[in-house]
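The sequence and the structure come before the account.

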Amino acid sequence: MRIQLVHVSKTFPPRQRALVDVNLEISNGELVFVCGPSGAGKSTLLKLLFREIDPSDGQILIDGRDVTRLGGRGIARLRRKMGLVFQEFRFLPALSVLDNVALAAQVIGTSKKQSLAKAYKLLKELGLEDRCDAKPFALSGGEQQRAAIARALINDPSLLIADEPTGNIGDEVAGEIVQLFLKIRDRGATVVIATHHRALIQRYGTRMIKLERGFVMDDSPEAIRMPEYTW
Amino acid sequence: MKLSLIGLVFRQVRSSLRHLCWTHLLTSVTVALTLFVFGAFMMLQVNLEQLLSAWGDQIQITAYLGRDVAPAERGALLKRIESLPEVQRVHYTSQTQAWRDFQSALGAQSGLIEGLPHDILPASVELSIKSGYRDSSTIEQLAQRLRTEKEIATVEYPQQWVERLGLIVLAVEWAKWIVGGVLFLATFFIVGNAVKLAIYARRDEVEIMQLVGASQGLIQAPFVLEGMLQGVAGAAASLAALWGVYAVMGEQTELFTALILPIGHLRFLDLERSMLLLATGWLLGAAGSIFSLRRIVKTWRGSDWAA
């Protein structure tokens, strides 16, 4: 999926400016890290992409279509092409890990049997096959993170959006997860990741967009090598 | 909707009933309490209508015949009266029968009228009126019509009583619509709010379903089904409670009802009204869910929080 942000601003009431005149273009099949300190506007940017919130100004084009004009049905259709990994995971507490992951496939019409099989395969790939029957909150932070990633991948998304996907896990597992995201990118999907994990970004050397106080401070290929950035 | 999605809806309802049984129970109890008040009003109305109908049965017009009416003329008169659309029943009392009734009414004092001729009392015709014609103007018109018959000497009926009963019937009819309407609206808002609170408690579930791309219909369907179930369960419980109250009152107040109500005993809601109460519960549960969800989903989708 190709993403374009044209003069996008977002102000929260009463006058908190989260994003200011952001202009960006992310190509189809690109993996991009969005980084910056807390309050920089990373999560806001991601939430605008999957229309959890609306921009105060500007256009957000996904594959050339202005998603700010979509109604309820259009938003639902858009999200079915996306995989979302949230900072706070957002699981249904009454369902098992396997059912939580399978639910994302079931809501788009995949049969229960197929959904469960797909969910199990993904959980196995992410090393969670023995945690399938557990309730999400019985899992450690890292395990929940991986389960959330499994849920995001179950519908083979064209766009994967991840908010701090390596926030609760060690460097080794974080590396594995980024490797997984790279594989997804290689299959043709666009991947947008918000993260604080600076070492990880530098290790993989992909594109980095640096936000600060709502402004895009740097989106150059050199940005990744700048040692003075502290976030 | 695909079969797999219908299956998902039912699994969600089953899971919700199992895991959130206390929330569902609380909502059903609220529905039951609210519908109990509504059902009690319906029961009061049924009994009041019954009472008014019983009082109406007692309205009679008495037409006293002249002294020299031949049997053939009397027979023709009775036929004419019976054919009138307002008349429910006609009862003829001959002079002899009137004398006997008078004597028995006097009982031990009947010696006082000894020596009086037995034909001193006139023959009479008593007419009871059909329920749709018991207003004062119709009865007065009927009385005037009877007065035009040459065989009839005098016509009497309890005019004041008929007028008062007419006012009572009118007041009950208005109260039925006004109080019933207010109670229905109150029931709607209370049930709607109970359902809304139950849905608010599960906003995470709705939010997650929205974020994974579920359609509005798929998100709403389990809640609407649950609302229907809660509504019907609450209405059934309110019917059971009403039946309990009715049974206890019937036992305890048999004498009281016999004295006050000419209907003899209290009546429970008939099948039609019982079904109406169940349907009201069903409808309120479904409508409460739909309205609450629409408002909540709208609010959440437009929600803003700082990143």
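## Strands, helices and the contact between chains

In chain A, strand β1 (residues 3-12) is joined to β2(A) by seven bridges, and the two run antiparallel. Strands and helices here are DSSP runs numbered from the N terminus, with at least two residues (E) for a strand and at least four (H or I) for a helix; two strands pair if DSSP finds at least two bridges between them. The model is predicted: local features need pLDDT of at least 70 and side-chain atom pairs count only at pLDDT 80 or more, while totals for chains, interfaces and linings use all residues. Residues are numbered from 1 along each chain as its sequence is written, and chains are lettered from A and ligands numbered from 1 in the order in which they are written.

Three residues lie between β1(A) and β2(A), which form a hairpin. Within this pairing, Gln4(A) stands opposite Glu25(A) of β2(A). β1(A) is also joined, by five bridges, to strand β4 (residues 57-62) of chain A, again running antiparallel. There the bridge partner of Ile3(A) is Ile62(A) in β4(A).

An open sheet of six strands in chain A has the order β6-β7-β8-β3-β9-β10, with mixed pairing. Its edge strands, β6 (82-85) and β10 (215-218) of chain A, each pair on one side only. From one strand to the next the twist averages 20 degrees; axes are lines fitted to C-alpha atoms, for helices over the stretch in contact, and angles run from 0 to 180 degrees between N-to-C directions. β6(A) runs parallel to strand β7 (residues 159-163) of chain A, to which four bridges join it. Val85(A) has Ala162(A) of β7(A) opposite. Helix α1 (residues 42-49) of chain A lies across β3 (31-35), β7, β8 (190-195) and β9 (207-212) of chain A, at about 150 degrees to β8(A).

Chain B has 10 helices and four strands, in the sequence pattern α-α-β-α-β-α-β-α-β-α-α-α-α-α. Of its 307 residues, 26% are buried, that is, with 20 or more other C-beta atoms, placed from the backbone, within 10 Å of their own. Helix α2 (residues 21-57) of chain B has 37 residues and spans 52 Å from its first C-alpha to its last, close to the expected 54 Å; the expected span is 1.5 Å times one less than the number of residues. Buried residues of α2(B) include Phe36(B), Phe38(B), Met42(B) and Met43(B).

α2(B) packs against helix α6 (residues 159-200) of chain B at an angle of about 175 degrees, with the axes 10 Å apart. The two helices are therefore roughly antiparallel to each other, a term for angles over 145 degrees.

How many residues of chain A are in contact with chain B? In chain A, 29 residues are in contact with 21 residues of chain B, where contact means C-beta atoms, placed from the backbone, within 7 Å. On the chain A side, β2 (16-26), α1, α2 (72-80) and α3 (97-106) of chain A each give two or more residues. The largest share, five residues, comes from α2(A).

The table gives residue classes, with Ala, Val, Leu, Ile, Met, Phe, Trp, Tyr, Cys and Pro as nonpolar, Asp, Glu, Lys and Arg as charged, and the others, Gly among them, as polar.

| Contact of α2(B) with α6(B) | 20 residues | eight residues | one residue |

Notes: Two residues are in contact if their C-beta atoms, placed from the backbone, lie within 7 Å. A residue is buried if 20 or more other C-beta atoms lie within 10 Å of its own, exposed if 12 or fewer, and partly exposed in between; C-beta atoms are placed from the backbone. Angles under 35 degrees count as roughly parallel, over 145 as roughly antiparallel, 65 to 115 as roughly perpendicular and the rest as oblique.
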